[in-house]
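User: Could you walk me through how the sheet and its helices should be read in this model?

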Amino acid sequence: MEKTPAVLVTFDVDGTLMSMDGARHHLHKEAFSHAFKQVFDIDAHIDEIVHNGSTDPLIMIEVLELHGVSREKVIEALPELKRVMEDFVNQSTRSAAEGGRVLPGVPELLRALGSRSDVAFGLVTGNLEPIAWRKMQDLELLPLFPHPRFGGFSGEYCGGDPKRRTEDRAALLKVAQRHAEELFPDRKFVRWYHVGDAPADIRAAELAGSLAVGVCTGQFPRADLQASSHSPDTVILDSLRDLQQCLAVFGLEQLPAL
């Protein structure tokens with residue numbers, strides 16, 4: 001069977017598709033605190049550490065180590081910690097996007113990508129999968145992700161070392177690539193772009209073999225994103241606001257639309 005050339009695009013969530021404006025008390029962060037208390041009877045908050053660009057399991061490890069729990073015990077408890085976090089969010093009637101907003105240009109870009117047969121796009125994020133999709137739902141972005149939905153989520157891989165967050169995020173990118181190839185066997189992905197707002201996204205994309213697209217819509221300025229790259233092919237955008245610019249970066253003007 002001859003495969004159709006296509007482009008794979010993966011997106012980070014926080015700071016890329018949505019902004020939480022630095023809110024300390026939103027549902028995702030509170031889910032961590034709830035899990036710390038339920039599983040280890042520890043009162044803790046993830047803002048005790050610098051967690052930008054990390055993953056949910058690595059954040060758990062780093063915070064709990066700060067409170068005296070051994071790494072081995074945290075890793076052993078990760079399945080329970082993740083279950084408690086997911087249950088907390090799933091059972092809440094609050095919005096997972098409270099205090100947040102969709103970043104400019106995101107709906108238009110997702111709608112444009114979803115209208116094409118030569119594109120597959122999904123999420124690659126440090127969030128646990130149910131939490132990531134819940135954010136998309138509560139921001140009314142979920143319908144813009146065509147079925148079958150796919151991605152690479154932190155529940156699927158954890159290397160266990162918070163100092164190696166780049167390697168973990170690169171592994172999640174490879175997970176998403178594998179899912180895309182399995183779900184779309186009729187497509188040959190000739191290019192793969194990962195879009196993110198943090199230096200860890202840039203480094204992970206390059207490590208995983210995708211083309212990195214940085215956006216200056218999170219907490220990191222352009223200079224930090226540029227300094228994190230070791231590839232001449234990396235592109236840094238101010239935002240995703242300019243639809244035609246984004247499509248040009250993805251090279252989609254060179255492939256037929258649906």
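**Reading the sheet and its helices**

Analyst: Val215 stands opposite Leu237 in E8, where strands are DSSP runs of E with at least two residues and helices are runs of H or I with at least four, numbered from the N terminus. This is a predicted model, in which local features need pLDDT of at least 70, side-chain atom pairs count only at pLDDT 80 or more, and totals for chains, interfaces and linings use all residues. Residues are numbered from 1 along each chain as its sequence is written, and side-chain values use heavy atoms, with hydrogens and water left out.

User: How many bridges join strand E7 to E8?

Analyst: Two strands pair if DSSP finds at least two bridges between them; here 3 bridges join E7 (residues 211-215) to E8, and the two run parallel. The open sheet has 6 strands, in the order E5-E4-E1-E6-E7-E8, with parallel pairing, and its edge strands are E5 (151-153) and E8 (235-237).

User: What span should helix H6 have?

Analyst: The expected span is 1.5 Å times one less than the number of residues, so the 19 residues of H6 (residues 165-183) should span 27 Å, which agrees with the 27 Å between its end C-alpha atoms.

User: At what angle do H6 and H7 pack?

Analyst: Axes are lines fitted to C-alpha atoms, for helices over the stretch in contact (heavy atoms within 4.5 Å), and angles run from 0 to 180 degrees between N-to-C directions. H6 and H7 pack at about 55°, with their axes 8 Å apart. The contact includes Ala170 and Leu173 of H6 and Ala204 of H7.
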